[in-house]
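Please keep the sequence and the structure in view while reading.

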Amino acid sequence: MSSRAAGILLHPTSLPGLYGIGDLGPEAFHFADWLASAGQKLWQMLPLGPVGYGESPYQLFSAFAGNPMLISLDILVERGLLDPADMANHPEFSAENVDFERVIPWKTGLLHKAFDRFEAKSMEADRQELDDFIQRHSTWLPSFAKFMALKEANGGGMWTGWKNLSEPDPKALRYHEFVQFEFFRQWCALKEYCAGLGIRMMGDLPIYIAGDSADVWEHPDLFDMTTVAGVPPDYFSATGQLWGNPIYHWDKMKRDGYRWWIERVRGSLSMFDVIRIDHFRGFEAFWAVPAGEPTAEHGQWITGPGADLFRALQDALGPLPVVAENLGVITPEVEALRNEFHFPGMAILQFAFGKDDQARSFKPHNYIHNLVAYSGTHDNDTVMGWWRSQGGDSTRSAEDIAEEKAHARAYLATDGSELNWTLIRTLIASVAETVLFPAQDILGLGKEARMNTPAVASGNWRWRMKPDALTPEIAARLREMTTIYER
């Protein structure tokens, strides 16, 4: 992150397409072409693992596996694993939202059909490639496949309540290995294509693991299921955010040199050029809430592994291309940890005009070079959704919002028309070496395009971009700005 660059935050599920959910197929390649035409050098996305509770990419069945729903059916047709007729009568899915309840069972059925065809008709070279893939990923893939097969045999319930613990059918194991093979094959092709365009891929590494995951099932000694993760009340939520993930037994992880963490980060670095570590402050001290609490209000701060973990990671993996998400309750100790390893932090321009504790550092005149600045993130409203808001919410009154807007007008010297582009230009012109914009802000969309509302358990992660929404005219406008300000 040592040269000026701009990029777009867009999760692959939000890409357009006919099959109910964005994927790693043709529309992903078209988006990469659009990024290049717009002079953008980074494509940031959310975690790519198989989603669990609430379809959240921060509640994954594995820290290592890929999401089967991102596999492109069109590419499977090209490879002869599906027939065009298999999708000819596909359901009429929404073009604006992911209907997970309909998409997942329909697409899973087609993945099983592709697997059956692979087993029946694949060439020896293809089978050898699959076997080689399984061997390369032997540290996690066999246990993940077994976890998923057992989960299916137990009706999909959480592993702590499983009754049927008999060895799964080898075909069920092979299916999950095949699906991961196809996911990573498609991912690597997309990443290679983006590299050829000069676009780096930026991934997201959640600090915590879902309790219902292959990782916790395989290594229960490394996780404390009696306390769960979250954050205390902040500008995202008046009752805090109760994520529900188990807390790490950091003392046990330290005994073997943080081996699990080293393998996890190694896997992320094999996929991405840059990693954003979500909730970085939790490595210095984390908010632990007794399991069963209805909100995150009644927790306590507990000291985390700190620099000891990152020294172990650097010793094993070398310099870490990491962005530290340092939003929320940030102390001098957290910033000292981040600065010790020269990780750039984050600034959110949308929050620069309110009363939260970080507002001053979010103003561009206070930026430093080693910074990643955003118009907004997946966790807050779109710029235009925020700007059009009239009433208060759980954290801000109507008066607070009016005061924010007045401050923004004065600071940005704007009448508020095309405010999204005002923020985009302000960030591109800033000294922050990296600036990123959610696709919704490039498109000027309102609250209907919000990706996630923290502390709201359902209805998130569903937004999809309409076909051809990102026009050549928008690309030209963005490219002009990035050229003027030398990004």
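## Basis of the model

The model is predicted; local features need pLDDT of at least 70 and side-chain atom pairs count only at pLDDT 80 or more, whereas totals for chains, interfaces and linings use all residues. Residues are numbered from 1 along each chain as its sequence is written, and side-chain values use heavy atoms, with hydrogens and water left out.

In soluble globular proteins, nonpolar side chains tend to be buried together. The largest nonpolar core here has 147 residues, and Ile8, Trp34, Trp43, Trp187, Trp261, Phe283 and Phe310 have the most contacts inside it. Helix α7 (residues 170-196) gives the largest share of this core, 9 residues. Such a core is a set of buried Ala, Val, Leu, Ile, Met, Phe, Trp, Tyr and Cys residues joined through side-chain atoms within 4.5 Å. Buried means under 20% relative accessible area, exposed over 50%, and partly exposed in between (1.4 Å probe, protein chains only).

Helices (H or I, at least four residues) and strands (E, at least two) are DSSP runs, numbered from the N terminus. In strand β12 (residues 434-438), 5 of 5 residues are buried. In a regular strand the side chains alternate between the two faces of the sheet. In β12, Thr434, Leu436 and Pro438 point one way, and Val435 and Phe437 point the other way.

Two strands pair if DSSP finds at least two bridges between them. Strand β1 (residues 5-9) runs parallel to β12 and is joined to it by 5 bridges, with alanine 5 opposite threonine 434. Strand β11 (residues 371-374) is also parallel to β12, through 3 bridges; here alanine 373 has valine 435 as its bridge partner.

## The largest pocket

On a 1 Å grid over the protein atoms alone, a cavity is a set of points where a 1.4 Å probe fits but cannot get out, and a pocket is an open set with protein on both sides within 12 Å along at least five of seven lines; lining residues have an atom within 4 Å of a point. Grid points are joined across faces, edges and corners, and a volume is the space filled by probe spheres set on the points.

The largest pocket has a volume of about 1,100 Å³. Its lining has 49 residues, with Gln59, Leu242, Trp243, Gly244 and Asn245 nearest the centre. The elements that give two or more residues to this lining are β4 (223-231) and β5 (241-248), and β5 provides the largest share, 6 residues.

## Enclosed cavities

There are 3 cavities of 30 Å³ or more. The largest cavity has a volume of about 150 Å³ and is lined by 18 residues, of which Thr377, His378, Pro438, Gln440 and Met451 are the closest to its centre.

The second largest cavity has a volume of about 50 Å³. His11, Thr13, Val51, Glu55, Pro57, Asn67, Phe100, Met451 and Trp461 form its lining.
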